[in-house]
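Trainee: I am new to this structure. Please take me through one part of it closely, and then show me what lies around that part.

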Amino acid sequence: MTPALPLRLSPEVDAARDAGAPLVALESTILTHGMPFPQNLDTTRTVEATVREGGAVPATIAVLDGVLHVGLVPDLLETLARRKDVAKLSRADLAVCLAQRGTGSTTVAATMIGARLAGIEVFATGGIGGVHHGAEHSFDISADLHELAQTPVTVVCAGPKAILDLPKTLEVLETLGVPVIAFGQDSLPAFWSATSDLKAPLRLDDPADIARAHRLRTALGLPGGQLVANPIPNGDEIPHHTLAPLIAQATAEAETAGIYGKALTPFLLSRLFDLTEGRSLSANIALVVHNARLAAKIATSLAGLR
Ligand code: PSU
Ligand code: MN
């Protein structure tokens with residue numbers, strides 16, 4: 001017999017779902033692998049508060065002792081933020097972790113899966129994974145891209161992380177039929193930088209249009225979600241010309257140290273933290289909060305379309 005899915009919605013998320021109230025999913029890899037303690041915990045709390053201020057209910061997703069949680073009560077959030085031995089779970093890892101009654105944080109791909117199971121249509125994060133530099137040799141392309149092609153969740157980010165090969169990331173997303181929508185500008189946002197020298201494939205200026213497009217994809221019978229790239233606020237950005245040499249340095253260091261696979265993104269983020277003397281982390285925090293605000297607006301529009 002197939003075991004029942006160990007899925008647990010927090011009371012708040014469950015109530016919001018029953019009431020058709022706006023919900024915003026949040027990931028947990030940023031908490032365990034993306035930021036150091038205690039900034040990781042502070043950021044998640046601020047992000048959750050921002051979603052609430054926007055009139056929506058936050059649903060942080062993670063696997064704890066073999067249960068897929070959608071919505072973490074404060075105690076569980078703090079436990080996860082403090083733990084150092086937590087697995088990073090993507091699409092491939094979820095079922096094995098549950099089967100072994102393990103604990104792990106969810107990446108963008110795995111969080112989309114949890115959001116879909118809970119009926120949540122919008123998800124806010126910092127930056128998605130994508131095609132790494134040198135992917136023509138390493139084949140390192142994040143499962144986040146394939147998830148966007150098949151799971152109907154709108155993901156609000158600040159663009160693919162700038163440590164990635166952005167042109168190749170856009171090409172893969174185009175091949176997979178994923179709409180990449182810049183919010184309020186033509187240029188593709190590049191995570192710590194508001195703009196890049198790439199034009200975004202699509203542009204929308206109104207959260208209500210993003211909500212309608214989400215539903216119309218379903219009406220068209222198309223699987224998959226949408227990627228919304230929300231530029232980091234002006235005062236918080238690090239210009240691309242400042243970052244480019246530091247990203248090149250961190251990437252070269254990873255290669256020399258033989259770091260690859262799941263460890264690569266966390267290594268690059270933590271090296272950039274050192275190389276920018278902490279500025280990359282402040283920018284990362286600011287952009288996640290900004291994305292939570294936009295995601296709450298989209299969730300509110302979606303709730304109005306029901
Ligand atoms: N956004 C951030 N910091 C992060 C991530 C996103 O601001 O650490 C995480 C997400 O969970 C994303 C993952 O899915 O990095 C990508 O990892 P990889 O490149 O190994 O697929
Ligand atoms: Mn990878």
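Mentor: Start with helix 6, residues 108-117. Eight of its 10 residues are buried, so helix 6 is largely enclosed by the rest of the structure. Keep in mind that this is a predicted model. The buried residues of helix 6 are V108, A109, A110, T111, M112, I113, G114 and A115.

T111 is found in helix 6. Its relative accessible area is 0%, and the cut-off for buried is under 20%. T111 is therefore buried. What does T111 touch, not counting residues up to four places away in sequence? The list is L26, E27, S28, I61, T106 and F123. Now look past the end of the helix. Helix 6 is followed by G119, and the phi of G119 is positive, near 75°.

Go back to V108, one of the buried residues of helix 6. A polar backbone atom of V108 is 2.9 Å from an oxygen atom of ligand 1. That brings us to the ligand. The protein covers 94% of the 470 Å² of accessible area that ligand 1 has on its own. Ligand 1 sits in the largest pocket. How many residues surround ligand 1? There are 19, and the closest are E27, K88, S142, D144 and T265. E27 has already come up, as a residue that T111 touches.

A nitrogen atom of ligand 1 is 3.0 Å from a polar backbone atom of G127. With S142, the side chain takes part: one of its N or O atoms is 2.7 Å from an oxygen atom of ligand 1.

Which helices each supply at least two residues of the shell around ligand 1? They are helix 2 (29-34) and helix 12 (264-275). Helix 2 gives the largest share of the shell, three residues.

Follow the chain on from helix 2. The loop between helix 2 and helix 3 (39-53) holds P38. Check the peptide bond from F37 to P38: it is cis, with omega near 5°.

Now compare two other loop residues. D65 lies in the loop between strand 3 (57-64) and strand 4 (67-70). Its phi is near 45°, a positive value in a residue other than glycine. Is D65 buried or exposed? D65 is exposed, with a relative accessible area of 57%. The cut-off for exposed is over 50%. R101 sits in the loop between helix 5 (94-99) and strand 6 (104-106). Phi of R101 is positive too, near 55°, and R101 is not a glycine. At 66% relative accessibility, R101 counts as exposed.

P160 is in the loop between strand 8 (154-157) and helix 9 (166-175). Its relative accessibility is 2%, so P160 counts as buried. Leave aside its neighbours within four places in sequence, and P160 is in contact with I128, L166, T169, L188, P189, A190 and F191. P160 and E147 are 13 residues apart along the chain, and their C-alpha atoms are separated by 14 Å.

Terms used. Residues are numbered from 1 along each chain as its sequence is written. Chains are lettered from A and ligands numbered from 1 in the order in which they are written. This is a predicted model: local features need pLDDT of at least 70, side-chain atom pairs count only at pLDDT 80 or more; totals for chains, interfaces and linings use all residues. Side-chain values use heavy atoms; hydrogens and water are left out. Helices (H or I, at least four residues) and strands (E, at least two) are DSSP runs, numbered from the N terminus. Buried means under 20% relative accessible area, exposed over 50%, partly exposed in between (1.4 Å probe, protein chains only). Contact means heavy atoms within 4.5 Å. A residue is near a molecule or strand if one of its heavy atoms lies within 4 Å of it. A polar contact is a pair of N or O atoms within 3.5 Å; within protein, one must be able to donate a hydrogen and the other to accept it, and residues adjacent in sequence count only if both atoms are side-chain atoms. Accessible areas come from the Shrake-Rupley method with a 1.4 Å probe; for residues, only the protein chains shown count as cover. On a 1 Å grid over the protein atoms alone, a cavity is a set of points where a 1.4 Å probe fits but cannot get out, and a pocket is an open set with protein on both sides within 12 Å along at least five of seven lines; lining residues have an atom within 4 Å of a point. A molecule sits in a cavity or pocket if more than half of its atoms lie within 2 Å of its grid points.
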